[in-house]
Amino acid sequence: MGLLWAQQLAAPAAERVEFTVAASGDLLIHQPVAARALVDGGGARYDFRPMFRSVRSRIAGADLALCHIETPLVPGPVQGYPSFRTPPALARSVRAVGWDACSTASNHSLDAGQYGIGTTLKALDRAGLAHTGTARSPKEARRSTIVDVKGVKVAFLSFTAVSNGQSVPHAWSVNTADPRRILEDARRAKRRGADAVVLNLHWGDEYSHAVSPSQAALARRLTRSPAITAIVGQHVHVVQPIRRVNGKPVVFGEGNLVSNQTAACCPAEAQDGLIALIDFVATGRRVEAKRVRYVPTWVRHPDYRVLPASPGSLSWRRTVAAAGRRPGIGVAR
């Protein structure tokens, strides 16, 4: 017994690894946004990079940066609401700014049908971006997207709880937010070596800062599982609260990162957004989210520059009021 006790004392402590995941709101490319990117590309190509220059350090500075591609990337003429066709060049700009992986499950995933899913994923592949949420085949739908972050394996899942009623080509085309399916995929990712699972959900009631009953119920059910580490969300186009649910961070709604939603169609808050910075600590294979910081953002029109909202500005105050400040959750410095 004495020898065993001595050996246990001598065993090395599990290595502690700290890392930050950045997650941002909807990339919602209306026609005027694409037109500006064409101007920024000198009229010969689409260049979205200048729109994100002011927040690039927050994206590129994270250990893992997650984006949300809401609209399909499709060659040919650009289309906006209600059935989007976004220039595939967006993927190259996203990678150049510093994002590493993108979620693709949304109510607009099927705007160009299965063809649009294919062209979207092809553009992301060519840009070197990992992706999750839509698929070109049953095999791809069963794949686990796992990214190595400082030696920690982080799985990224994407599901949508809303649709626009388009015809669904195949059951595997778009991940729909059935809690049993989500947990099954999260557990599969864990079996395949993931230490942590970050889940992206497209959910909620549009233009509502309040968390809907269905959002709250789904968050409670999912965070009860040890397979889920953190949840981030989009869709409602305004900022929603950041809370801990069953001890895990849930960023209910990050608002728009970039869009052409203005007072002509939408509340002023549709120009607000946030970049969530989730600070994780891994000890051995145990990974916990210790803190959530966020950067309030604002989309300036008509050049669609995404700017850090000035502290004390109306946009900043709206975002902070919606997202909240409490122990372990606050505005990034």
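Let's start with the second largest pocket: its lining residues divide into 5 nonpolar, 2 polar and 6 charged. For those classes, Ala, Val, Leu, Ile, Met, Phe, Trp, Tyr, Cys and Pro count as nonpolar, Asp, Glu, Lys and Arg as charged, and the others, Gly among them, as polar.

Quick housekeeping: this is a predicted model, where local features need pLDDT of at least 70, side-chain atom pairs count only at pLDDT 80 or more, and totals for chains, interfaces and linings use all residues. Residues are numbered from 1 along each chain as its sequence is written, and side-chain values use heavy atoms, with hydrogens and water left out.

So what is a pocket? On a 1 Å grid over the protein atoms alone, a pocket is an open set of points with protein on both sides within 12 Å along at least five of seven lines, while a cavity is a set where a 1.4 Å probe fits but cannot get out; lining residues have an atom within 4 Å of a point. Points are joined across faces, edges and corners, and a volume is the space filled by probe spheres set on them.

Back to our pocket, then, which has a volume of about 240 Å³. It has 13 lining residues, and the closest to its centre are Ile228, Thr229, Lys248, Val287 and Glu288. Strands S10 (248-251) and S13 (286-300) each supply at least two lining residues, and S13 gives the most, with 4. Strands here are DSSP runs (E, at least two residues), helices are runs of H or I with at least four, and both are numbered from the N terminus.

The largest pocket holds about 330 Å³ of space. Among its 19 lining residues, His30, Tyr81, Phe84, Tyr207 and Gln261 sit closest to the centre. Its lining has 7 nonpolar, 10 polar and 2 charged residues.

How many cavities of 30 Å³ or more does a search of the whole structure find? It finds 2. The largest has about 130 Å³ of space, and 18 residues line it, with Thr132, Glu140, Ala141, Arg143 and Asn175 closest to its centre. S6 gives the most to that lining, 4 residues. By class, we get 5 nonpolar, 8 polar and 5 charged.

The second largest cavity has about 70 Å³. Its lining includes Ile69, Glu70 and Pro72, and helix H5 (residues 113-127) gives the largest share, 3 residues. That lining divides into 3 nonpolar, 6 polar and 1 charged.
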